[in-house]
Amino acid sequence: MANKVFCPKLLKNLGFHVRRLNSAPSPLSAVPPLNFTGDFNAVPNLVEPAPQINTTLHHHHDHHNTNNIINFDDVKELFYGVPTTKLIRSSMTLQMAAIDPMVDLGMWIMNSKLMEMPVFREVMLGFVKTTFYEHFCAGKDLTEVRRTVTNLSDSGLKAMLDYGVEHATDNESCEQSTAAFIQTIESTKSLPESSASFVVAKITAICTPRLLKRMSDLLRWEQKDPSFNLPWKQESLPLFAESSPVYHTSSKPEPLTIEEERDLQLAHERLRKICEKCLEHEVPLLIDAEDTTIQPAIDYFAYSAAIKYHKDDQPLIFGTIQAYLKDAKERMVIAKKAAEKMGVPMGFKLVRGAYMCSEKELASTLGFKSPIHDSIEQTHACFNSCAEFMIEEIANGSGAVVLATHNIESGKLAATKAIDLGIKNERQNLQFAQLYGMADGLSFGLRNAGFQVSKYLPFGPVEQIMHYLMRRAEENRGMLSTSAFDRQLMRKELSRRLEVATS
C-alpha cells in the first residue's frame with residue numbers, strides 16, 4: 001500500500017492529541033426535513049483501496065479462546081484502506097471530544113447568545129464542520145452521504161442511514177419527517193449494491209412525544225389492570241415483563257380524546273408508508289429507542305408494524321432493546337417468543353443505553369429505585385446474556401439481531417459464540433454495529449473475522465446536527481475512556497506508517 005507523506009513532527013505530538021477516545025448513541029435535535037438534492041451519479045472521492053474481505057467464518061480449535069477470534073495485533077491489516085490523514089484527524093478530533101472542559105465550554109457556547117452573532121456563529125459552525133461534524137456525521141445531504149457510504153463499502157463496512165430528525169411538535173412536522181425518511185429509503189437504490197444495511201427511524205419524528213407519553217401511560221395502566229380497555233390498540237407483541245417499571249403512571253389516565261385518536265391513526269399511516277417503502281426497496285427499518293417515559297408506545301409501534309410487514313421469514317422491522325435496563329432480557333425474551341408463536345420474524349438491535357442520568361433522576365423524584373442496573377458490570381452481563389440468547393435463537397433458525405456495541409469483550413464473546421454455533425455470514429441475521437467515527441478497531445476486527453459490520457451514520461445540515469454532536473459528548477462522558485484501546489491501535493499504526501515512510 002502506498003503511504004501518504006505526512007508531517008513527522010505532528011505524529012510525534014500525537015501522544016498529546018490522542019489521549020482518550022469514545023462514544024455512544026444519543027438523540028438528535030428536532031430539525032425540519034433535509035433538502036434532498038444533488039447528483040447521485042457524481043463520482044465520489046474514494047479511500048485507498050481495501051483488500052478483499054474474507055466473508056467466511058472459520059472454526060477455531062479452541063472455542064474458549066476469544067482472543068483468537070478478532071485479531072488486533074496486525075494494525076496494518078486492521079486499518080488497511082484508511083488514509084493516514086484520516087487517522088491523524090480522527091485521533092485529534094476524538095481527543096478534543098474527550099476533554100471535559102471542552103464539552104462544558106461547547107455546551108455553554110451552544111446555549112449562549114454568542115450564537116446569535118452572525119460572525120461568531122459562522123466561525124463556530126466552520127470549526128465544528130471541519131472537526132466533530134466531519135468525523136461523526138456522514139454529510140449534509142444524500143449526495144455527501146453517498147460518498148461516505150461508498151468509502152465504507154470499499155473498506156468492507158455497511159451503513160445505517162439516520163437522517164437527523166426527531167421530537168416533532170405537530171402533524172405538519174410529522175409529515176415532513178415522514179417525507180424525509182421515505183426519501184432516505186429511496187436513496188438506497190442509488191448507493192453501491194448492498195451497502196446500506198438499514199434505514200433508521202425515530203418514532204418521535206412521526207408521532208409527537210406528547211402523544212407517545214399519553215399512549216405509554218395508558219399501556220402501563222393496561223399492564224396494571226388487564227381489564228382496562230384500549231379501543232385504539234392494534235395487535236402487538238408483549239410490551240412489558242413482570243419486572244418492568246410502571247411507576248411513571250401513578251393514577252388511571254384519561255382515555256385518548258377524539259383528536260388524539262385521530263393523530264394516532266395518522267402516525268400509524270405514516271409508519272405504514274415508511275414500511276411499505278422499505279419493503280419496496282428491500283431495506284430493513286431500524287427503530288431507535290428512547291427513555292422509559294415513552295418507550296412502551298415506541299415498542300407498540302415497532303411490534304405492531306413487525307406483525308404486518310416482513311418478507312417471508314426475514315424481519316423488516318428491528319426494535320431496540322436497551323441492556324442497561326433491569327427488565328431488558330425478560331422483555332426481549334417474552335417478545336421474541338410471542339413473535340415466534342405467531343409466526344412473525346422479529347429483529348432486535350441490542351444496545352446498552354443512553355439515558356442513564358435522566359432515568360435515575362426521574363425514578364428518584366417519584367420515590368422508586370432506578371430501572372438501570374446498579375453497576376456497569378451488570379449492564380455488560382445483561383448485554384452479553386441478551387446477545388447469547390439471540391445468537392442461539394438465530395442458530396435454531398429464528399430471528400435476527402444487530403449487536404450495537406463498542407465493548408471489545410462483548411464483541412469477542414458474541415463472535416466466539418456465533419462461530420461455535422456455526423452461524424455463517426451469508427445468513428445476515430447476525431450483524432454488528434458501531435457509531436460512525438467510533439470504535440473503528442472493533443469494526444475492522446469483526447470485519448476481518450468475516451462478520452457483517454455496519455456504521456451508524458447520522459446526517460443533515462451542520463447547524464442542525466451540531467446540537468446532536470454536543471449532546472453525544474455531554475450524555476456519554478463516562479464512556480470516553482473506553483476508547484483508549486482504539487487510540488492505542490491508531491497510534492501503533494501511525495507509528496508503523498511513519499517508520500515505513502522514513503525508512
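Residues count as buried under 20% relative accessible area, as exposed over 50%, and as partly exposed in between. In the predicted model described here, Ser194 has a relative accessibility of 49% and is therefore partly exposed. Ser194 sits in the loop that leads from helix H8 (171–187) to strand S2 (196–201). Ala439 belongs to the loop between S9 and helix H16 (440–448). With a relative accessibility of 7%, Ala439 is under the 20% limit and so counts as buried.

The protein chain contains 18 helices and 10 strands. Of its 503 residues, 56% are buried. Among contacts between residues at least 6 apart in sequence, 84% join residues at least 24 apart.

A closed barrel of 8 strands runs in the order S1-S2-S3-S6-S7-S8-S9-S10, with parallel pairing. Neighbouring strands of this sheet are turned by 30 degrees against each other on average, direction ignored.

Strand S6 (residues 317–322) runs parallel to S7, and 5 bridges join the pair. Strand S7 (residues 347–351) is in turn paired with S8 in the parallel sense, over 4 bridges. Here Phe348 has Val401 of S8 as its bridge partner. The next step, from S8 to S9, is again parallel and is made by 4 bridges. Across this pair, Leu403 stands opposite Phe432 in S9. Strand S9 (residues 430–435) then runs parallel to strand S10 (residues 452–459), joined to it by 5 bridges. In this last pair, the bridge partner of Gln431 is Gln452 in S10.

How much of these strands is covered? S7 is mostly covered, with 5 of its 5 residues buried. In a regular strand the side chains alternate between the two faces of the sheet. In S7, Gly347, Lys349 and Val351 point one way while Phe348 and Leu350 point the other way, and all are buried. Strand S8 (residues 400–404) is largely enclosed by the rest of the structure, because 4 of its 5 residues are buried. On the helical side, helix H7 (residues 142–154) lies across strand S1 (158–163) and S10. The angle between H7 and S10 is about 160 degrees.

Two further residues can be described through their surroundings. Lys277 is part of helix H10 and counts as buried, at 18% relative accessibility. That value falls under the 20% cut-off, so Lys277 is classed as buried. Leaving aside neighbours within four places in sequence, Lys277 is in contact with Ile182, Ile185 and Glu186. The C-alpha atoms of Lys277 and Phe181 are separated by 9.6 Å, and these two residues are 96 residues apart along the chain. Thr249, for its part, is located in the loop between helix H9 (209–224) and helix H10 (258–281). With a relative accessible area of 3%, Thr249 is buried. Not counting residues up to four places away in sequence, Thr249 touches Asp217, Arg220, Trp221 and Lys224.

Rolling a probe the size of a water molecule over the atoms shows where empty space is left. The count comes to 5 cavities of 30 Å³ or more. The second largest cavity holds about 140 Å³ of space. It is lined by 14 residues, and the closest to its centre are Thr292, Gln295, Pro296, Asp327 and Arg331. Helix H11 (residues 295–308) gives the most to the lining of the second largest cavity, contributing 3 residues. By class, this lining is made up of 6 nonpolar, 4 polar and 4 charged residues.

How values were computed:
Residues are numbered from 1 along each chain as its sequence is written. This is a predicted model: local features need pLDDT of at least 70, side-chain atom pairs count only at pLDDT 80 or more; totals for chains, interfaces and linings use all residues. Side-chain values use heavy atoms; hydrogens and water are left out. Two strands pair if DSSP finds at least two bridges between them. Helices (H or I, at least four residues) and strands (E, at least two) are DSSP runs, numbered from the N terminus. Axes are lines fitted to C-alpha atoms, for helices over the stretch in contact, and angles run from 0 to 180 degrees between N-to-C directions. Contact means heavy atoms within 4.5 Å. Buried means under 20% relative accessible area, exposed over 50%, partly exposed in between (1.4 Å probe, protein chains only). On a 1 Å grid over the protein atoms alone, a cavity is a set of points where a 1.4 Å probe fits but cannot get out, and a pocket is an open set with protein on both sides within 12 Å along at least five of seven lines; lining residues have an atom within 4 Å of a point. Grid points are joined across faces, edges and corners, and a volume is the space filled by probe spheres set on the points. Ala, Val, Leu, Ile, Met, Phe, Trp, Tyr, Cys and Pro count as nonpolar, Asp, Glu, Lys and Arg as charged, and the others, Gly among them, as polar.
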